[in-house]
Amino acid sequence: MPRTSMDKVRNVGVTAHIDAGKTTATERILYFTGRTHRLGEVHDGEATMDWMVQEQERGITITSAATTAYWKDHRVNIIDTPGHVDFTAEVERSLRVLDGTVALFCAVGGVQPQSETVWRQAEKYRVPRIAFINKMDRIGADFDRVVKDIQGELGANAVPVVLPIGAEDQFEGIIDLVDMKAVYYDQKEKGVDIREEEIPEELCEKARAAEAVMIERISEQDDQLMEKFLDGEIPSRDECVAAMRKATIAGEIIPVLCGAAFKNKGVRRLLDAIIDYLPSPLDLPPVIGTKLESNAEIVRHPTDDSPLAALAFKVQADKHMGKLTYVRVYSGVLKSGETYYNSTREKRQRIGRIFEMHADNREAVDALHAGEVGAVVGLGDTRTGDTICSEEHPIMLESIEFPAPVIDMAVTPESRTDRDNLSKALIRLAEEDPTFTVRADEETGDVVISGMGELHLDIIVDRLKREFGVQTKVGRPQVAYRETITAALDHEHKHVKQSGGHGQYAHIKFSVEPGGPGYGFSFDNKVVGGRIPREYIPAIEKGIVDAMAEGPYAQFPMVDVKVVLNDGSSHDVDSSEMAFRTCASMGFRDACRKAGPALLEPVMSVEVTAHEDNTGAVTGSLCGKRGKIIDMETRGKASIIRAHVPLAEMFGYSSELRNITSGRGEFTMTFEHYEAVPFAIAEEIVEERRKLREGK
C-alpha cells in the first residue's frame, strides 16, 4: 500500500457506553473498507477487534484495539475502546493520541453514564467528535429524544446531518440532509446494497425543516454562508461540508448520524462523515512540548522534516514479540533499527521492528511517519505516557493522567513454581495497565493487587492463569480506602542520633493542612537564608511521600494534604539527605496523628434501570446501602434511578438487583469521589485491619 499523504489520514476512536455497539460498528467499518471479508459478530465471539479470549467469552471489549483501514483514498487509523468503566484507562490513553472520535449512542438508552464519562474525557483533550445514534432497529428507538439528550445532558451543539426513515422494525434507511436524498438499504442482502431515491413526500416537510436548521447552525460559524442564508440562498454541497468540517474541528458543532450497525445500515455514511468532518493531523494545532532543562515550550509541526516527537500510549505483553509499545508520531519519522531517546526515563533505546496494527495481527513497515499510529518492538524500558524523541532535539510531551485504583484484592500463589512466576507476570501486567497496581503487604505477607473494579481484577486473575500459567488463590475484594487530615497544624521535629563517628542531625518546622477532595499532594518550600541547605529539600519531600504510603489512622495511603516547609536547621557534619528524609517522615507522621486523621472511602455514581413497578424496591435498597438518591426519571415504563453509594456497600449488588427486579433490572457504576467514612464504621474498619495484621 503506497504511503497516504497526511491530509488524507484520519486517526479516530470509537467510544461509547457499554453495549452501545462500538465493536459491531467497527467490524462493519472493517468489512466495508475491505479490511476483512467476513463479518465477525460479538455475540459469536468472532469479532476481529475483540481478540482476547476473555473478550470473546464475555462479549465485551477489555483492551483498546488498533487497526488501519482505507476508504476513498484515505487512511483511517481506528481504535475501538472499551465501554465498561473498569477499563477507563484504555479510553483515556486512546483519546490522548486521537485526532477525532465517533461517539456512539444507543437509540434506546440515549446518553448513559459511561457515554457521558468518555464525552468529558474527549472534551478534556479537545478531541473533535461526530455522533452516531446506533441500534435504530431496536424496540424503543427514538432519534429525536437522543439528539435532545446530547444537546441537554452533554451541552453539545448537536446538529443532525441525516434523519431516520422509520424506526424499530420499520427502520428502512436515512435521509441525507447534505445531499437531500433518501438512502434505502436492501434487507435481502444484509443491507449491503444501497439505493438512492427522492425523499418520500410524507417526509419532505420534515427533511426541509431539518435541512434549514442544519444550514442555519453551520452558517453561524461561517460569515459567507450566513450572508447566503440571510439572502435565502441554499449553499452548495461542498460549501456545507467545508463549513461543517471547520466547525466540527473547532468543537463548535457535533454532526449527528444514525443507523443500525448490526444490520449494516448507515455505516458507509458514517465512513463518509469521518472523511468529511473529522480532522487530519494537518488540521490540528502543532503539538506543544517542553524542554527538559526548563519548562520552556517547544512547538513541533506535523511534518517528516521536523525532529522526532512521539508518545507511547499503550504497552502490551505479547507471547511471541515480547513487549509491544503503541506509539503516535506527532512529528518526524520513527525508523526501525535507529536509536532514539526516551526523555521521560532519560534512556537511549533502539527501535527493533515496527508494525502497522490490525487488532492482534500486524504488518511490518520500515517507518512510522508524522501523524501515524503503530506498534514498536524494542522499547523495553518505555512505559505508558513516555516521550520518544531524537537525542539531538529532546522534548517532553504532556503525559497521560489516570485515575487511582479503588478496589484491592489479595492474591497468593498455589505452589513454589507459581510464586516465582507470579511476580514476573504481575510486573508485566502492571506495565501494560496504569490503573492496575501491585504492592506487598509486609505485615500479612500478601501480594495485594489494586484496580478499578471487580471485573477489572477478575480479568487480571484470569489472564494470570491463561497467559502466564500462574495458579492463584484470591481473597475477597476489598475497598481501597484512603486517609487524610481534617485540621491545619504547625509542627516541629528534630532528629538527632549519635552512634560513634558521624551522627544524624535534622531539624524541620512545617505546617500541614487538608487540601480538599481531589487535591492530591503539594509540597511548598518557604525556607529562606539557607537555614536548611538546598540540597536537602528534595530529601524532605521524599520523606513526606514515604510517610504518606501508610497513614497514621489505619495504614492506608494518604491523599489531599498540603505541606509547607517553613524553617529548620542543620549541622555541618551530622546532617545528610538520609537524616532529613528520616526526620521528615517521622515528623509528618506525628503531625498527621494530631491533625484529625480521617478515613476516606470511594463513593460511586450508580445508575439503575428497572421497570417502574420496581422503583420503590430499588430506591429502598440503595438507601439501605448508605446511598443518596440524586435523580429519578421515567422513560416509557422504565425508571432510571441515579444515586451516590459507597463502594463498600455495592459488592454483590448484581445478584441483589436481579432478585428485587425479577431479573429485569440493570445497573452501571462509575467512580464519583472520595468521602469521609462515618466514625462508627471507620472504627470497625480500623479494628478489622488491626486484627488482620495481628493474624487473629
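**Talking through the fold**

Student: Let's start with His493. Which strand is His493 found in?

Tutor: His493 sits in strand 31, which spans residues 489-497. Keep in mind that this is a predicted model.

Student: Noted. Is His493 buried or exposed?

Tutor: His493 counts as buried, because its relative accessibility is 13% and the cut-off for buried is under 20%.

Student: And what does His493 touch, once residues up to four places away in sequence are set aside?

Tutor: His493 touches Ala506, His507 and Ile508, and also Cys583, Met586, Gly587 and Asp590. Cys583 is itself buried, at 0% relative accessibility.

Student: Let me zoom out a bit. How many helices and strands does the protein have?

Tutor: The secondary structure comes to 16 helices and 38 strands. Of the 696 residues in the protein, 54% are buried.

Student: What share of contacts join residues at least 24 apart?

Tutor: Taking contacts between residues at least 6 apart in sequence, 71% join residues at least 24 apart.

Student: Which residues is Arg635 in contact with, leaving aside neighbours within four places in sequence?

Tutor: Arg635 is in contact with Val108, Gly109 and Val111, then Arg145, Asp149 and Glu153, and finally Ile640 and Arg642.

Student: Why does Arg635 count as buried?

Tutor: Arg635 has a relative accessible area of 19%, so it falls under the 20% cut-off.

Student: Okay, helices now. How do helix 12 and helix 13 cross?

Tutor: The axes of helix 12 (residues 537-548) and helix 13 (residues 577-594) come within 7 Å and cross at roughly 40 degrees. That makes helix 12 oblique to helix 13. The crossing of helix 12 and helix 13 is right-handed.

Student: Which residues of helix 12 and helix 13 meet?

Tutor: From helix 12 there are Ala539, Ile540, Lys542, Gly543, Ile544, Asp546, Ala547 and Met548, and they meet Glu577, Phe580, Arg581, Ala584, Ser585, Phe588 and Arg589 in helix 13. By class, this contact of helix 12 with helix 13 has 8 nonpolar, 2 polar and 5 charged residues.

Student: What about helix 6 and helix 8, at what angle do their axes cross?

Tutor: Roughly 55 degrees, with the axes of helix 6 (residues 201-219) and helix 8 (residues 237-249) coming within 9 Å. Helix 6 is therefore oblique to helix 8. Helix 6 passes helix 8 in a left-handed crossing. Met214, Ile215 and Ile218 of helix 6 make the contact with Cys240, Ala243 and Met244 of helix 8. The residues of that contact of helix 6 with helix 8 divide into 6 nonpolar, no polar and no charged.

Student: And how are helix 14 and helix 15 oriented to each other?

Tutor: The axes of helix 14 (residues 615-623) and helix 15 (residues 653-660) come within 10 Å and cross at roughly 150 degrees. Helix 14 and helix 15 are therefore roughly antiparallel to each other. Helix 14 passes helix 15 in a right-handed crossing. On helix 14 the contact uses Ala617, Val618, Ser621 and Leu622, and on helix 15 it uses Tyr653, Glu656, Leu657 and Ile660. The classes in the contact of helix 14 with helix 15 are 6 nonpolar, 1 polar and 1 charged.

Student: Last topic, backbone angles. What is phi of Lys72?

Tutor: Phi of Lys72 is near 50 degrees, a positive value in a residue other than glycine. Most residues other than glycine have a negative phi. Lys72 is in the loop between strand 2 (65-71) and strand 3 (74-80). With a relative accessible area of 52%, Lys72 is exposed.

Student: Where does Asp560 lie?

Tutor: Asp560 lies in the loop between helix 12 and strand 34 (561-569). Phi of Asp560 is near 55 degrees, again a positive value in a residue other than glycine.

Student: Is Asp560 buried or exposed?

Tutor: At 7% relative accessibility, Asp560 counts as buried, whereas Lys72 is exposed.

Notes:
Residues are numbered from 1 along each chain as its sequence is written. This is a predicted model: local features need pLDDT of at least 70, side-chain atom pairs count only at pLDDT 80 or more; totals for chains, interfaces and linings use all residues. Side-chain values use heavy atoms; hydrogens and water are left out. Buried means under 20% relative accessible area, exposed over 50%, partly exposed in between (1.4 Å probe, protein chains only). Contact means heavy atoms within 4.5 Å. Axes are lines fitted to C-alpha atoms, for helices over the stretch in contact, and angles run from 0 to 180 degrees between N-to-C directions. Helices (H or I, at least four residues) and strands (E, at least two) are DSSP runs, numbered from the N terminus. Angles under 35 degrees count as roughly parallel, over 145 as roughly antiparallel, 65 to 115 as roughly perpendicular and the rest as oblique. A crossing is left-handed if the near helix is turned anticlockwise from the far one by less than a right angle, and right-handed if clockwise. Ala, Val, Leu, Ile, Met, Phe, Trp, Tyr, Cys and Pro count as nonpolar, Asp, Glu, Lys and Arg as charged, and the others, Gly among them, as polar.
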